[in-house]
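Dear colleague,

Please find the structure below, followed by a short account of what was found in it.

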Amino acid sequence: MEARMKSVANPDLITAIQHLQKAIHAGGVDPLVLELVHLRASQINGCSPCVFAGVQSAKKHGETEERLHNVVAWREAPFFTEEERAALALTEAATRIQDGAPGVTDEIWDAAAGHFDEKQMSAIILNIALTNFFNRINHTIREPAGKTW
């Protein structure tokens, strides 16, 4: 697969993304939780460059192969904490917004809010949104995995 464009970035966009990343990482959420959130949203959206980048980044943060291979089946896998499960459920509900999807139910929200304070919830929600942003850009321009990440 060939990318349709070399880049969609411009200096203003790069600066804006850097500010968003800074806000996400200032939210007090464990970086591994943020990596799992990014990876799960990217898996749902079928974004190979973001899945590739997410796995590489998670490994740099100390994530294990065992857990990385099971993010896609996190509900059935015994490797995740209740906090991680709440973040992954929120990620799935916020990412799957197609027609008829229930979205983020009160049950999902309350479970996540039971583990994360408001600042952390804001960081997780922003991380989900930014991941979905990148996923859609990569789909549009057909960015291949591993080329520019």
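The side chains of Arg40 and Glu92 are joined by a polar contact of 2.7 Å (a pair of N or O atoms within 3.5 Å; within protein, one must be able to donate a hydrogen and the other to accept it, and residues adjacent in sequence count only if both atoms are side-chain atoms). This is a predicted model, in which local features need pLDDT of at least 70 and side-chain atom pairs count only at pLDDT 80 or more, while totals for chains, interfaces and linings use all residues. Residues are numbered from 1 along each chain as its sequence is written, and side-chain values use heavy atoms, with hydrogens and water left out.

Arg40 belongs to helix α2 (residues 31–45); helices are DSSP runs of H or I with at least four residues, strands are runs of E with at least two, and both are numbered from the N terminus. Arg40 counts as buried because its relative accessibility is 6% (buried is under 20% relative accessible area, exposed over 50%, partly exposed in between, with a 1.4 Å probe and protein chains only).

One aromatic pair is present in the structure. The ring centres of Phe133 and Phe134 lie 5.5 Å apart with the planes at 65 degrees, so the pair is edge-to-face (rings of Phe, Tyr and Trp, the last by its six-membered ring, pair if their centres lie within 6.5 Å; planes under 30 degrees apart count as stacked, over 60 as edge-to-face and the rest as tilted). Phe133 is partly exposed at 33% relative accessibility, whereas Phe134 is buried at 18%.

Yours sincerely
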